[in-house]
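Student: Could you go through a protein model with me? I keep meeting labels and would like to know where they come from.

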Amino acid sequence: MSLCLSDQLVLTFGMTKFNPLYKSQSEHIYYKYLGDLNWNHIYKDGLLHDYYYPFVVATNDTYHLLSVQDDFTGVGNPNIYQQILYFEFSNGNWSQELFADHSNHTLASGRPRMVEQDDLFIDSSGTVHAIYKENTYPENRFFTDHIHFSKKKGGKQWTREKLNLPKEINWVRLFEVNGTIYFFANSWDKHYIARLDSQKLVQLPINDAIGAYPYVALTPTNINSEFTDIILLAADSETFKKETNINYYIRIPKAYLTNL
C-alpha cells in the first residue's frame, strides 16, 4: 500500500533472512519522484521477525510504515502474527516503535494470529494516525478490538484509545474531508461510515458485498472532488466461486458526510 502526500511513487515490503543479499529480516522502501527514470532503495536490516505487508505514507521529508509480524513456522503450521512495528525513515535515519506484542499473552500458545494492522493515515494538521486490531476475545478468535494511536507531527508521544466498535468489525479506514476525519468500517456483510470523533456508525445500503477488503481513495485535500471513493475487493476464497457480486466501487457524496 502507498499513500503519498508528495510527488512520489513508493513501494514497500518485508524480506526474510533467506535472501543472501541481507543479513536478516528487513524492511525495504523503493521510491522515485514523478519524472525520474530510476528507483531509489533504502532498507532497515537486522529485524528479529518477518514484518510484512507494510502500510506506508510518504510525506516530503519522512516515510512512515506500519508492519505486522508474519513469522513462517514450517509447512503445515500457522504463521505467527503477534507483533506490530511502526517505522519512520527521515533525514537518512531509521526509527521504530513496538505498537503491539502479544507473544506472552495467555492465548498466544493456541492462537498465533492475535494482531493485525488496520490503517496508517496522516491528516492535514500533520498528525499521524495508526490503527491496529487485536483478536483477544477468548470466546471467538474472529472478534476484534480496534486500537487507535495518534501523534502530532514532531511530537514524541502517542495518544491511545480503543475505538468503540462492534466486535464483528473487520477493517477500519480513515479519510478526511474539509478538516474532519471520518472512517469507513466493515464487517463480513455490513458497511458503515462515521466521524472519528463521535464513532457513531451509519450503515450504508450495500446488501450483497461480503468478505470484502476496503480501499479508500485518499486524495489530497486541495483536489476538488465532490465524492469519497471506496473500493471493496473480495478477500475470501468462497466469494471467488460466485460469478457476480464480488467487487464493488462506491461513491459517497462529501455533502452527505456533513450530516453525520
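Tutor: Let's take the labels one by one and set each value against its rule.

Tutor: First, this is a predicted model, where local features need pLDDT of at least 70, side-chain atom pairs count only at pLDDT 80 or more, and totals for chains, interfaces and linings use all residues. Residues are numbered from 1 along each chain as its sequence is written, and side-chain values use heavy atoms, with hydrogens and water left out.

Student: Why is Tyr213 called buried?

Tutor: Buried means under 20% relative accessible area, exposed means over 50%, and partly exposed is in between (1.4 Å probe, protein chains only). Tyr213 has 18%, so it counts as buried.

Student: And Lys151, what makes that one buried or exposed?

Tutor: Its relative accessibility is 9%, so Lys151 is buried. Across the protein, 50% of the 260 residues count as buried.

Student: How do you know that the side chains of Lys151 and Glu97 make a polar contact?

Tutor: A polar contact is a pair of N or O atoms within 3.5 Å; within protein, one must be able to donate a hydrogen and the other to accept it, and residues adjacent in sequence count only if both atoms are side-chain atoms. For Lys151 and Glu97 the distance is 3.5 Å, so the pair counts. The side chain of Tyr213 has a polar contact too, with the side chain of Arg173 at 2.9 Å.

Student: Which strand holds Lys151?

Tutor: Lys151 sits in strand S11, residues 145-151, while Tyr213 belongs to strand S17, residues 212-216. Strands (E, at least two residues) and helices (H or I, at least four) are DSSP runs, numbered from the N terminus. The protein has 19 strands and one helix.

Student: What makes Asn91 and Gln199 worth a look?

Tutor: Asn91 isn't a glycine, yet its phi is positive, about 55 degrees. Gln199 also has a positive phi, near 60 degrees, and is a residue other than glycine. Asn91 lies in the loop between strands S7 (83-90) and S8 (93-101), and Gln199 in the loop between S15 (191-195) and S16 (202-203).

Student: Are those two buried or exposed?

Tutor: Asn91 is at 70%, so it is exposed. Gln199 is at 13%, so it is buried.

Student: How do you know that the radius of gyration agrees with a compact globule?

Tutor: The radius is taken over C-alpha atoms, and the globule rule is 2.2 Å times the number of residues to the power 0.38. For 260 residues that rule gives a value near 18 Å, and the protein has 19 Å, so the two agree.
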